Amino acid sequence: MKNKVFMIFSAACLLAGCTNAPAEQKVPAPETAEPTSAPVVTEQTVQEDVEGIRALLKDKGYNAGIVYLGMADTTAAIEELAKDYPYLSKAQIVEQDGSQIFGFIATDPNAEVTVEQWGIENYDEGPKMDDGEDLLEVRNGGPIILKGFVSDMIPNMSISVESHDVDIIEDYTPMLSGKDGSVELGTPDMKIMDLTK
């Protein structure tokens, strides 16, 4: 009798799909990620980034922002370094001897930004650091990219910014600190923010 009950129970299990084997688990197929592409930089996104950076600078009370991009010797290499900073994609480039690259933007979109040669001038009283000829003047607050700076000790360019007929930054010479490699921000009254990522 026990055999008949077992056979009937086994037959019922087979018909119903009962087995001692673990139930087959269905594993969902992995989702295929669509390939991602770099964001397309358009005139509008550049403008939004420029406006966003200026809003950040204004909100924090700064007159301008500076970013150290790295070292480069060609325009293509400079553009490659600037890719991480979309607001610099349309920046004018000023080139002098040297390969340190800095980006600069004034908070005021109507500020007059002047880039001048900077170096040692010989005067009757002896050599002195001084500005020379204007290399670039923009009346839209930038942004601009500077390539130069043969030496951290003797920079070869300076930046001055005039906003609402007031000189708010005068003869700022971007350079890296000899102590820790950070960007020197000039005197406290210049109010320049380091935007380096």
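1. Is threonine 173 buried or exposed? Threonine 173 counts as buried, because its relative accessibility is 14% and the cut-off for buried is under 20%. Keep in mind that this is a predicted model.

2. Where does threonine 173 sit? The residue belongs to the loop between strand 8 and strand 9 (192–194). Setting aside residues up to four places away in sequence, threonine 173 touches Trp118, Pro155, Met157 and Ser158.

3. Strand 7 (residues 157–163) and strand 8 (residues 166–172) run antiparallel. Four bridges join them. Across the pair, glutamate 162 stands opposite aspartate 167 in strand 8.

4. The turn deserves a look. Strand 7 and strand 8 form a hairpin with two residues between the strands. In that hairpin, histidine 164 takes a positive phi near 55 degrees.

5. Next, isoleucine 105. This residue lies in strand 3 (residues 100–106). Its relative accessibility is 0%, so isoleucine 105 counts as buried.

6. Isoleucine 105 and asparagine 140 are 35 residues apart in sequence. In space, C-alpha to C-alpha, isoleucine 105 and asparagine 140 are 9.5 Å apart.

Key
Residues are numbered from 1 along each chain as its sequence is written. This is a predicted model: local features need pLDDT of at least 70, side-chain atom pairs count only at pLDDT 80 or more; totals for chains, interfaces and linings use all residues. Side-chain values use heavy atoms; hydrogens and water are left out. Two strands pair if DSSP finds at least two bridges between them. Buried means under 20% relative accessible area, exposed over 50%, partly exposed in between (1.4 Å probe, protein chains only). Contact means heavy atoms within 4.5 Å.
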